[in-house]
Structures are given as structure tokens and as C-alpha cells.
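Here is a short briefing on a predicted model. Look over the sequence and the fold, then read on.

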Amino acid sequence: MSRLDLVIFGATGFTGKHAVMEMSRQLKQYPLMWGVAGRSQSKLEDVLKEASQKTGNDLSEVKIIVADVGDEKSLKDMCSQAKVLVNCCGPYRHYGEPVVKAAIECKSHYVDVSGEPQFIESMQLKYGDAAREAGVYVISACGFDSIPTDLGVVFLEKKFEGTVNSVESYLSSEAKGSVTSGVINYGTWESLVYGITHLNELPSLRKKIYPEKLPEFKPKLKSRSVIHQRLSGWCLPFPGSDASIVYRTQRTLLERDGKRPVQIKTYVKFTSLLTTLAVAFSSVMLFLLTRLSFTRDLLLKHPRFFTMGAITREGPSEEVMNSTIFSFLLLGEGWSQGSDVTSPPNKKLAVKVSGVNPGYGATVVALLFSALTILTEKDKMPKEGGVLTTGVAFRDTNIIQHLHENNLKFEIVNDEFK
């Protein structure tokens, strides 16, 4: 039996529905055989019907597969029908591993939008060898976490014409008009709460993956103060998975190709000091509330209360999502071509990665083009499979160009380097 090109699993969830919508929009350029999967046949039918109505495309031939993360047989049946499995079923800490395992066993490539370092790095530790032996790619963080930063560094390196020593990334976001509530979906909140709860797992996990430390490269990129002023705004450390993903990319390239790794620090920028202080205070309070199971349960049961309406179980409206713009400004420093890398850096380059609707628009575009790149440009990807980052898997492909053409812009902006 021939396989479908890709299957979107978790298609009835918030992210999954948007992935189905985006896949429908891409059909003219990529006339693929694809399917949707989830626990409920009727809900999957409703998703396809809604996507057909909104995009004007007939999706009656899209295959429906009933599968459940708690049913190993159904997962294997699903994966055996897919060349690439697009997993939208999170939080991945709870639901991701059975899907990864089934995909590898069925020799199906796998992509997801997880921004959960514990899950991502656990999969590398547990299934890296199995994925290589099966000859399949398992690639997480194919969305807002962490394609703009990981592929942004790749883009910056290719445009630098020299050797990059360090990159500082600054995320900024704003909503056009008045947005008072419902900006983040509950699933993202749930992943965040559990991620903070289990932060203490990461050091020991990383020692198992990388028993030896990286050699020290100079000049060392030092962290800026917790609150600092830069780029006409006030900045805090960005606690997402971007830094850990870029680190894994750079470490892999050093071990595989002997390439000097790029150092990175990630920050988030706000327009006012008051907002910055409020976010810093909220972050400390969130960390403290995750320390006890009682208060953690309250966070999960009453997200609207604890986030003053920013997070709801219904998720953000289309209007809110499409009015939210974001940008990552990547400030690179290093040496021009032919320069002595033991001397002080003599070159700078600034790159911006920007788009609209970071959580569910740009994310599903990046996710689907990750899957499409595996289908169409596998010859430009690493010959061996494995649990890879986007920066390792896609650095020699045309994915950045395709993303740029689909409203996730990658551009040089040297005038913003300050």
C-alpha cells in the first residue's frame, strides 16, 4: 500500500485545525496526498468541512484516520500510512513519546511544534540511535519555537561572509488595535506550566546527552543584566527553548563538521520599563506557584484568572491572532573573511525574522514547510536520519526562501544594529 505524503495528527486541536487550513491553502503549489488524524471521526470531518468552506478547496478526498495516543496499535496504523507525520498533539511531555516511538518503528519521518526542552532532549537521548537506524528524521521545534531563531542564525551565518562568534536575539511583539483578552491558547499555557515545573530535570538530562563540555571559544558572549535597555526598549532574558535548540544545532555541527559554534543569548524586548517590570514580577510569581502541586493545579484550572484573561481555554480569536505581529532581531558579531579569529571581532551583521500571528499562523506555516521540505528536498538534508534540530536538518535546503515567500520574512537590517 502506498503511503500518504503527510498526515496531520491532532487535527481537531487548536494548532491542528490551523495546520489543516494552511495545508489546504498550499494545495495548488503542493498537490499532495494527505490525511488528518485524531480520536473522533466526526470531529475530523467537521474540521475538513470548515477548512473547505474557508479556503474554497474541495477536501472530500482527504483521508481520515482515527488514532489515539493511548492506543499503540492505532498510532502504528496511522504512522504506517504516512511518509511524514505532522504531530500537533500536545503537551508533548504527556502525549509526544508514543507518537515518536510509533513513527520510528513504522519508518515515518516526524515533525512537531514542541517548545518543551525536556521532551525534545529526552527524545534525542532515547530515540536518536533508533531514528538513525530506521533512516528517519525526528525534528521538533518546527514552529515559533524555534525556527525563527535557529534558522535565523543559519541565515545570518550564510550572509555574514566570515566567521560568526556570537548572536544576541531580541524578540518583540505587538498587537494592532485593542486586545484585552484571549491571546494564547490553553495548550501553550499547559506546556509552559509543566515546563517550568520540571526545569530541574534539564541539567542531568543534558549531561547524559553531552557528557563532555564544549571547548571554550573566545571572546565569550556574556549575559547582559536581567533588565537592560537596548534597541529603544527594555529587555529581559527570553526563557523559551530557542537558546537550547541553537546550542544543539551548533554542537552537532562542531562534532560532525568541525565548524566553530556560534554562541547565543536570547532576550525579549518591551517598549516600556513598567511593562518589563510587570513581566519580570509575573515570571517570578509563576515560577513560585509551580513549586507546589496545589498552586500548580490552580494555575492549570484557572488560567484566565492568573493571566488576567490573556489565556483562555477557547483560545484567541482570528481577529486577535491576525493583528499580532512579531520580530526576532538577531545581532551577530565575528570576523570578516580571512581575519585572525584570535584577534578582537571586527564585523557585525543584523538579521530580522518577522511575521504575523506567531503562535498559530507563522507556526503552522513553518511546521508544514518543515514537512514539505522533507518530502521535496531530502537529497539536501543529512544522509543519516536521527533526532535533529531544524538548523541541522534544513540548513542546506530552500526552506528559508519558502518561508520568506509565505510571510515569515528573513532579511538583513544592519541599520538596526546598535
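Asp 5 is buried, at 14% relative accessible area (buried means under 20%, exposed over 50%, partly exposed in between, with a 1.4 Å probe and protein chains only). Its salt-bridge partner is Lys 83, at 3.3 Å from N to O (a salt bridge is a side-chain nitrogen of Lys or Arg within 4 Å of a carboxyl oxygen of Asp or Glu). Lys 83 is partly exposed, at 39%.

This is a predicted model: local features need pLDDT of at least 70, side-chain atom pairs count only at pLDDT 80 or more, and totals for chains, interfaces and linings use all residues. Residues are numbered from 1 along each chain as its sequence is written, and side-chain values use heavy atoms, leaving out hydrogens and water.

**Salt bridges**

- The count comes to 17 salt bridges.
- Lys 83 lies in strand β4 and Asp 5 in strand β1, so their pair ties together parts 78 residues apart in sequence. Helices (H or I, at least four residues) and strands (E, at least two) are DSSP runs, numbered from the N terminus.
- Glu 121 and Arg 206 form a salt bridge at 2.8 Å, N to O. Glu 121 lies in helix α5 and Arg 206 in helix α8, so the pair ties together parts 85 residues apart in sequence.
- Glu 121 is buried at 3%, whereas Arg 206 is partly exposed at 31%.
- Arg 224 and Glu 168 form a salt bridge at 2.7 Å, N to O. Arg 224 sits in the loop between α8 and β9, and Glu 168 in strand β7, 56 residues apart.
- Arg 224 is partly exposed at 35%. Glu 168 is buried at 5%.

**The seven-stranded sheet**

- An open, mixed sheet runs in the order β9-β10-β11-β7-β13-β14-β16. Two strands pair if DSSP finds at least two bridges between them.
- Its edge strands are β9 (228–230) and β16 (409–412).
- Strand β7 (residues 162–175) runs antiparallel to β13 (residues 324–336), with 13 bridges. Leu 171 has Phe 328 as its bridge partner in β13.
- β7 also pairs with β11 (residues 263–270), in the parallel sense, over six bridges. Here Glu 168 stands opposite Lys 265.
- β9 and β10 (residues 233–237) run antiparallel, joined by three bridges. Gln 229 stands opposite Trp 234.
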